Amino acid sequence: MDLQAFGQKLRELRRGSSLSQEKLAELLPVTAELISIWERAYQHRGRVWRPDRVSAVRLVEVFAGYLAPNEAQHWLAQIDYSLTRDEMHRIFPDYTPPPQEERSRFNPLTLLPEQFLFGVGQIQAKAGRALEHPDAPWLIALDGIGGIGKTSLAGALVRELAAADRFFDVAWVSAKQEGFSPGAGLEAARRPALDPATLTNALLEQLGDLFLLNRSLTERQAGLAALLKKQPYLVVIDNLETVADYQSLIPLLRRCANPTKFLLTSRHALHAYDDVFCLSLPELGRADVLALLAYEAQVRGLTALAEATPAQLDSIYEVVGGNPLALKLVVGQIRALPLAQVLDNLRQAQGKKVDDLYTYIYWQAWNALDEAGRQTLLVMPLAQNGTLAQLSALSDLDPIELTQALECLAALSLLEVSADLEQPRYRIHRLTETFLLNEVIKWQ
Ligand SMILES: Nc1ncnc2c1ncn2[C@@H]1O[C@H](COP(=O)(O)OP(=O)(O)OP(=O)(O)O)[C@@H](O)[C@H]1O
Ligand SMILES: [Mg+2]
């Protein structure tokens, strides 16, 4: 807080607009003595006089003709206040907010590949209706096993609702479950991965209320609740996995909900909470699996898969089931191995539990990789959403080797490339990361 700088600016503005202290005092209204105290940043026995928020906003209104919008924000920040977006629009009708990229640290949707989703029509419509509904439910959760499509569906819903202008703004926070330190491998989070303080900061940062960030946690949470109560925001919290996570967050979410809605994704169902509207993502049915396989064959130019007989396609469905990630990983292998061999290998894993099947699929994929591919995959947990330059700095590969390795990993569906044309970013799926760090470390 810099009362001195605030006071000097106040005096400057008052004199610049030819107002006496008395006249300005009338406009607020406060006493003329108080204006004088603010201008001089008067202190007495350690006591200071900071304008209350209503008066501070009123001062900006009075001097709006002499202040640029950013200058006004800067002035108020000197006494730890900031104007909300509504106040900015009211006081400065010509104010245009900075573009989204500048307000948010990053736009998570650019990191999610835009994709065609099979078999989610009904559940997407249900979730869409719950989100569009002007009343409760305020908390909506998508649950299901790893790779079933929770994050992808949340992305599709956000795109759909953003296009419909249903919400004032969207925020997306991901609760990361594991930490990775080279050598130590996977470290399961002991504390909640996303505690209320981290969520509060992430949301204030994304929604642009940066001035609140310097305040105490209680003030930040009150500020966040006030912001989210004022207008309908859509807040996505992806990967809210552990009981510790949601137990600690739900009270805050309840406080901030209405008219804001929260969309949560979790591998665990949140049925224990009456006010959370839960939707479970089922596996894809046979027809959708066949459609997904045909689509993948076409977009990846996999002739072997495109020409597979109905019986061969059925056997993929029978062994792998309807988990989109598992299907994509198997399809990825068809580029490196003959279809018959992929199917034979899969048959050996038939009848196993889903987790075993995943391990098996990843093990096959690992075996299909050359040394550069393996090296690249192993540095991925250290550079999730990293650029080519970041990956290059982490791996010992030269740029050509690295580019080839990335292409190969993407072809095997082990790597997702963001839709950002200027500077693509690379990430591995969360489940791939878990397997990589739990299992692959042992296979080396
Ligand atoms: N309905 C679908 N149709 C086609 N592809 C899909 C579908 N659902 C998911 N996928 C693909 O499957 C992969 C896994 O999806 P996603 O990341 O959304 O799963 P998730 O449920 O969020 O998994 P996790 O619990 O590990 O976070 C992605 O590559 C996505 O493109
Ligand atoms: Mg996910």
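Helices here are DSSP runs of H or I with at least four residues, strands are runs of E with at least two, and both are numbered from the N terminus. The model is predicted: local features need pLDDT of at least 70, side-chain atom pairs count only at pLDDT 80 or more, and totals for chains, interfaces and linings use all residues. Residues are numbered from 1 along each chain as its sequence is written, chains are lettered from A and ligands numbered from 1 in the order in which they are written, and side-chain values use heavy atoms, with hydrogens and water left out.

Gln364 counts as buried because its relative accessibility is 5%. The classes are buried under 20% relative accessible area, exposed over 50%, and partly exposed in between, with a 1.4 Å probe and protein chains only. Show what surrounds Gln364: beyond residues up to four places away in sequence, Gln364 touches Gln333, Asn345 and Leu346. Contact means heavy atoms within 4.5 Å.

The arc is taken over the directions from the helix axis to the C-beta atoms. An α-helix has 3.6 residues a turn, so residues three or four places apart point the same way.

Now move to Glu296 in helix α13, residues 286-300. Is Glu296 buried or exposed? At 6% relative accessibility, Glu296 counts as buried. Its contacts, leaving out residues up to four places away in sequence, are Gly301, Leu302, Lys328 and Val331.

Next select helix α19, residues 371-379, and within it Leu378. Outside the four places on either side in sequence, Leu378 is in contact with Trp366, Leu436, Val440 and Gln444. A C-alpha to C-alpha distance from Leu378 to Ser395 gives 9.0 Å, for residues 17 apart in sequence. The buried residues of α19 are Ala372, Gly373, Thr376, Leu377 and Val379. They cover an arc of only 165° around the axis, which puts them on the same side of α19. Their cover includes α18, α20 (388-394), α21 (399-411) and α22 (430-443).

Then select ligand 1 and the residues around it, counting a residue if one of its heavy atoms lies within 4 Å. There are 22 such residues, and Gln115, Lys150, Ser152, Arg267 and His429 come nearest. Helices α9 (150-164) and α16 each supply at least two residues of this shell.

- Ser152: a polar side-chain atom lies 2.6 Å from an oxygen atom of ligand 1.
- His429: a side-chain N or O atom is 2.7 Å from an oxygen atom of ligand 1.
- Gly147: a backbone N or O atom lies 2.8 Å from an oxygen atom of ligand 1.

Taken alone, ligand 1 exposes 630 Å², and the protein buries 96% of that; areas come from the Shrake-Rupley method with a 1.4 Å probe.

Finally, zoom out to the whole protein chain, with its 22 helices and eleven strands. Of its 444 residues, 49% count as buried.

How values were computed. A polar contact is a pair of N or O atoms within 3.5 Å; within protein, one must be able to donate a hydrogen and the other to accept it, and residues adjacent in sequence count only if both atoms are side-chain atoms.
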